[in-house]
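User: I would like to go through the charged pairs of this model and then one of its helices, with the reasoning set out at each step.

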Amino acid sequence: MKELPIGVIDFKDLINGNFTYVDKTKYIYELVKRAKGYYFLSRPRRFGKSLTVSVLEYLFKGEKKLFEGTWIYDKWNWESFPVVRLDMNEIDTTSPEDTYNSLFLRLKRIAKDYDVSCVDGTISDVFYYLVQDIGRKYNKPVVLLIDEYEKPILDHISDKQKAHEMREILRQLYTKIKSLDQYLRFVFLTGITKYTKAGVFSTLNNLVDISFHEDFSQMLGYTQEEIIQYFPEYIDMACQKLNMSKDYLLEQLEKYYGGFSFDGKHFVFNPFAVLLFFFHKSFLVYWNDSGAPKFLHDYLRARKVKLEDILKKDLLISYIELTSREIEESVAKSFLVQAGYLTFYKEIDSGLYGLKIPNIDAGQSLSQMLLELNYELDIDDLNRIGVKIKDAVKKENVDGLIGGLKEILGKMSIFTP
């Protein structure tokens with residue numbers, strides 16, 4: 001039985017460490033089979049974006065042995081290409097100056113790895129000539145992978161001035177991508193959100209956004225069929241511990257961790273939460289406990305988002321609403337869709353989607369944050385009362401449910417005399 005890949009985001013470590021890899025290489029093949037491709041994919045955190053970038057890196061480096069047993073193994077020619085990978089999680093975003101210097105050092109490190117000189121000049125000059133010189137030295141086009149491309153902006157989402165300064169730094173990098181076309185084989189960017197004026201989506205007009213494309217809607221996340229196929233022993237152990245049938249366990253698993261849709265038609269589970277469930281064999285709120293991102297707290301606090309706004313019936317969103325504003329200026333429902341706390345549950349019309357909270361895990365996480373931020377509720381009180389409410393729901397105890405809700409309402413500062 002293979003190990004659960006909790007927190008493993010390097011594909012080589014995953015394969016060599018005998019961890020389970022849910023094979024997504026069929027989707028990746030659709031991206032890389034063309035002679036040249038430029039793609040952008042947004043997904044919430046903990047959905048496997050970094051692992052996908054890592055798979056692409058080793059694929060283009062021609063490390064065939066790692067892919068033995070995967071769908072793509074006998075369909076790829078395994079030619080190696082130089083790969084420039086920038087992970088914005090590794091960049092110091094404390095201040096604009098720190099971000100600039102950290103990016104500069106990262107580019108210098110890549111230059112050293114490929115044994116090319118690093119020119120003096122602006123960060124855009126360094127980036128441009130780095131890719132150009134690598135391509136010329138190896139006489140091959142370069143593969144460019146950028147993970148969490150907007151993180152420096154998200155880290156300062158509540159400070160418009162700093163967010164603007166971060167955007168300008170990133171613009172210097174991203175606007176150079178199009179002019180490097182002759183030196184590039186493949187470009188892939190990931191992020192949580194899509195913004196419009198950073199230079200990527202305003203000047204790189206050949207960048208294809210596959211975030212809400214039906215063909216790639218299940219490229220990240222686990223489908224129920226994949227969970228059954230890749231984790232049969234873990235399902236059996238969970239059934240035994242929880243004294244549940246397989247069908248009932250899968251039904252509960254979907255209620256807690258499934259329900260995410262990126263096209264309004266196909267659904268996936270949050271992979272991180274599923275792995276933690278199999279590890280603990282208990283239905284807990286794993287996504288929020290892994291550390292709700294600071295940028296989400298900052299956003300919700302600054303806009304005074306209320307829980308009742310999210311729970312409205314007939315909550316709709318259009319594709320234009322999701323892609324036409326800057327991150328720090330986006331409306332709450334747009335931001336929460338991209339952060340994963342709201343999801344499509346159906347496509348009502350072309351480019352128009354119905355929204356809902358995807359599952360118990362995301363719903364409880366969002367509710368807890370909003371209650372803390374808006375009503376100054378103590379986290380210990382929330383946890384204690386939450387257990388009582390959940391127990392009342394399970395036992396169909398209406399009086400207990402009403403009592404728990406009254407206790408929460410009584411503690412809200414808005415209802416305090």
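User: How many salt bridges does a search of the whole structure find?

Analyst: The model is predicted, so local features need pLDDT of at least 70 and side-chain atom pairs count only at pLDDT 80 or more, while totals for chains, interfaces and linings use all residues. Residues are numbered from 1 along each chain as its sequence is written, and side-chain values use heavy atoms, with hydrogens and water left out. A salt bridge here is a side-chain nitrogen of Lys or Arg within 4 Å of a carboxyl oxygen of Asp or Glu. With that criterion, the number found in a search of the whole structure is 17.

User: How many residues apart in sequence are the parts that Lys49 and Glu148 tie together?

Analyst: Lys49 and Glu148 form a salt bridge whose closest N and O atoms are 3.4 Å apart. Lys49 belongs to helix 3 (residues 49–60), whereas Glu148 sits in the loop between strand 3 (142–147) and helix 6, so the parts that the pair ties together are separated in sequence by 99 residues.

User: Are Lys49 and Glu148 buried or exposed?

Analyst: The classes rest on relative accessible area, with buried meaning under 20%, exposed over 50% and partly exposed in between (1.4 Å probe, protein chains only). By this scale, both Lys49 and Glu148 are buried.

User: Which helix holds both Glu168 and Arg171?

Analyst: The side chains of Glu168 and Arg171 meet in a salt bridge at 3.3 Å, N to O. Glu168 is partly exposed at a relative accessible area of 29%, and Arg171 is partly exposed at 26%. Helices (H or I, at least four residues) and strands (E, at least two) are DSSP runs numbered from the N terminus. The two residues are 3 apart, about one turn, and both lie in helix 7.

User: Which residue forms a salt bridge with Lys265?

Analyst: Lys265 is partly exposed, with a relative accessible area of 45%. The closest N and O atoms of the pair are 3.7 Å apart, and the partner of Lys265 is Glu347.

User: Which elements do the buried residues of helix 4 pack against?

Analyst: Helix 4 (residues 96–113) has 18 residues, and its buried residues include Leu103, Leu107 and Ile110. Contact means heavy atoms within 4.5 Å. The buried residues of helix 4 pack against strand 2 (83–87), helix 5 (123–138), helix 6 (151–154) and helix 7 (160–174).

Notes. The expected span of a helix is 1.5 Å times one less than its number of residues.
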